[in-house]
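Trainee: I'd like to learn how to read a model like this one. Could we go through it together, feature by feature?

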Amino acid sequence: MTAQLYFRMDEKGKKEFEIVLKKVGLTPGEAFRIFAKKSIEAGGIPFEVSQPNARLSSSINSEDYLKFDGAESGLEWLNNESK
């Protein structure tokens with residue numbers, strides 16, 4: 001016997017979700033069955049669910065940071081700063 005679950009989400013989110021799932025070869029139904037199985041196995045949500053605190057949110061939205069062309073230039077900057 002099978003059961004059906006229904007939920008609502010906005011159209012933009014649905015389309016973006018479907019694009020992500022298509023890249024990994026899953027349908028929304030398959031993805032939710034995997035999520036449900038993993039939740040049962042874990043005895044809860046199978047990944048961390050949290051909201052950033054005010055300090056982290058501020059940092060994420062800040063433009064007060066350095067940009068590097070790649071990992072090598074970032075490491076070079078770090079090495080020069082510590083001397």
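Mentor: Buried means under 20% relative accessible area and exposed over 50%, with partly exposed in between (1.4 Å probe, protein chains only). Before going on, note that this is a predicted model, where local features need pLDDT of at least 70, side-chain atom pairs count only at pLDDT 80 or more, and totals for chains, interfaces and linings use all residues. Residues are numbered from 1 along each chain as its sequence is written, and side-chain values use heavy atoms, leaving out hydrogens and water.

Trainee: Where does Leu26 lie, and what does Leu26 touch?

Mentor: Helices (H or I, at least four residues) and strands (E, at least two) are DSSP runs, numbered from the N terminus. Leu26 is in the loop between helix H1 (11–24) and H2. Contact means heavy atoms within 4.5 Å. Not counting residues up to four places away in sequence, Leu26 touches Leu21, Ala31 and Ile34.

Trainee: How many helices and strands are there in the protein?

Mentor: Four helices and zero strands, so to speak an α-α-α-α run from the N terminus on.

Trainee: Is Ser39 buried or exposed?

Mentor: Ser39 counts as buried, with 15% relative accessibility. This serine is found in helix H2 (residues 28–42). For a polar contact, look for a pair of N or O atoms within 3.5 Å; within protein, one must be able to donate a hydrogen and the other to accept it, and residues adjacent in sequence count only if both atoms are side-chain atoms. Here, the side chain of Ser39 reaches the backbone oxygen of Phe35 at 2.8 Å. Leaving aside neighbours within four places in sequence, Ser39 is also in contact with Gly44, Ile45 and Pro46.

Trainee: Why does helix H3 lie largely in the open?

Mentor: Because the number buried is zero among the eight residues of H3 (residues 54–61). At the start of H3, a side-chain oxygen of Asn53 comes to within 3.2 Å of the backbone nitrogen of Arg55.

Trainee: And what about Asp64, buried or exposed?

Mentor: Asp64 is exposed, at 72% relative accessibility, and sits in the loop between H3 and helix H4 (71–81). Asp64 and Gly44 are 20 residues apart in sequence, and their C-alpha atoms are 37 Å apart in space.

Trainee: What does the C-alpha trace span along its principal axes?

Mentor: About 70 × 25 × 25 Å. Of the 83 residues of the protein, 6% count as buried.
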